[in-house]
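Try each task before reading its solution.

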Amino acid sequence: MAVAPACSPRLPLPGEPTTLEILPRDLPPVLGGSPLGSPLEILDLRHFSSVDLRPLLEDETQVWSRLLSWDYSGSAEMILRYIDAKILPGYAAVDRGRVFGYSFFVYEGSKGVIGDLYVINGTRLPNAREVELKLLTHVIETLQQSPGIHRVEAQLLAHEANAVSRPFLETGFQRHPRLFMTLTLGKAATEKVPTHPDVEIRPWTESDYQPTAAVITAAYRSHVDAQINDQYHTLSGSLRFLNNIVRFPGCGVFDVESSFVALDRKAKSLIGVILCSRVRNNVGHVTQVCVLPEYRSRGIGESLLAATEGSLRKRNFVLLSLTVTEANARAVELYRRLNFESKRIFDAFVWEG
Ligand SMILES: CC(C)(COP(=O)(O)OP(=O)(O)OC[C@H]1O[C@@H](n2cnc3c(N)ncnc32)[C@H](O)[C@@H]1OP(=O)(O)O)[C@@H](O)C(=O)NCCC(=O)NCCS
């Protein structure tokens with residue numbers, strides 16, 4: 001199954017069945033009633049259909065649009081399809097027969113990834129935060145007790161940092177604060193950024209697949225983001241990451257026109273890459289940017305970002321967003337210098353059993 005990459009908030013949705021494992025395991029069929037003073041129940045998500053979940057996901061789509069300028073409707077439709085197929089493990093919060101919150105997760109080999117958590121904050125309903133914590137407690141417990149699961153990852157982009165950290169911290173997760181940053185793309189043309197004379201920036205193509213995965217693997221060696229997303233540790237993991245970005249719509253729709261590579265002119269080898277997706281018709285999101293360690297501090301990262309920005313501006317995009325781990329100080333510094341503003345702080349969590 002697909003996994004949330006460390007450089008983006010994409011949903012871990014079931015991916016390509018031929019290469020990615022879809023193995024829904026049995027959850028306890030029903031978890032008992034409510035200690036919250038209401039008829040709240042936490043039930044296995046697979047008792048429900050898209051009809052039950054649709055109002056919740058429509059509400060969530062509005063929240064993602066407001067908070068992140070992100071069109072979540074494609075992801076929501078995908079989630080609803082998986083719910084109908086009964087292959088999405090997770091829990092629903094139910095009050096008088098109505099689903100008003102849910103959380104799901106996916107398995108990928110020996111790893112579990114918490115895909116989403118959302119609770120409607122209605123006046124008639126129990127305290128939304130309490131319900132979120134309850135859903136998370138069930139999800140974490142299920143994953144940590146799943147035989148063969150040795151690692152759990154979560155990135156909760158639409159939740160403020162620390163808002164729901166308690167059940168994670170109490171069960172041995174590491175917390176990594178991350179920033180959601182945006183750059184407003186005005187009408188003005190992108191300032192010309194002189195590219196290093198030994199470096200060529202050209203559009204990304206399908207034939208760059210393998211070398212891109214190799215650059216990602218090398219660029220994240222001993223990097224904090226490789227602690228958050230263990231796909232970066234190996235070439236096959238980086239290929240899977242890439243596959244999810246390029247082929248699946250969980251992190252927006254891959255935008256080949258605003259994705260570029262940097263090449264060493266002499267060695268003719270790929271030394272850096274930027275990948276961008278369309279998360280709304282006029283909003284881009286950088287899902288990956290990296291440069292090989294030995295080529296850093298020559299302005300290549302800046303040139304790649306300028307190429308993406310230029311392509312988006314030409315097509316009247318209004319915003320470019322990205323996520324970055326707070327501890328990745330050099331990258332944060334670079335984005336700030338390029339006028340990206342920090343809009344939100346959210347958390348990534350990792351548990352290794
Ligand atoms: C983040 C990353 C892509 C930046 O790439 P880069 O090519 O080193 O970036 P740049 O060279 O454009 O800018 C970085 C610094 O080099 C400086 N620089 C640029 N040209 C330079 C030159 N000719 N000589 C010396 N320094 C230079 C810049 O001023 C900048 O310094 P600052 O951060 O202190 O302001 C790269 O560090 C990387 O791949 N990191 C690992 C993966 C990663 O963290 N990706 C981002 C995830 S969100």
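Helices (H or I, at least four residues) and strands (E, at least two) are DSSP runs, numbered from the N terminus. This is a predicted model: local features need pLDDT of at least 70, side-chain atom pairs count only at pLDDT 80 or more, and totals for chains, interfaces and linings use all residues. Residues are numbered from 1 along each chain as its sequence is written.

**Exercise 1.** Count the helices and strands, then find what percentage of residues is buried.

*Solution.* Start with the secondary structure: the protein has 9 helices and 14 strands. Next, call a residue buried if 20 or more other C-beta atoms, placed from the backbone, lie within 10 Å of its own. Of the 353 residues, 48% are buried.

**Exercise 2.** Check the span of helix H7 (residues 235-247), then look for its buried residues.

*Solution.* The expected span is 1.5 Å times one less than the number of residues. Now for burial: Gly237, Ser238, Arg240, Phe241, Leu242, Asn244 and Ile245 are buried. Their cover includes helix H5 (209-219), strand E9 (253-254), strand E11 (269-280) and E12, through contacts (C-beta atoms, placed from the backbone, within 7 Å).

**Exercise 3.** Which residues are closest to the ligand, and which elements give two or more residues to its shell?

*Solution.* Take as near any residue whose C-beta atom, placed from the backbone, lies within 6 Å. The ligand is surrounded by 21 residues, the closest being Cys290, Arg296, Gly299, Gly301 and Glu302. Strand E12 (283-291), helix H8 (300-314) and helix H9 (329-337) each give two or more. H9 supplies the largest share, 5 residues.

Methods: A residue is buried if 20 or more other C-beta atoms lie within 10 Å of its own, exposed if 12 or fewer, and partly exposed in between; C-beta atoms are placed from the backbone. Two residues are in contact if their C-beta atoms, placed from the backbone, lie within 7 Å.
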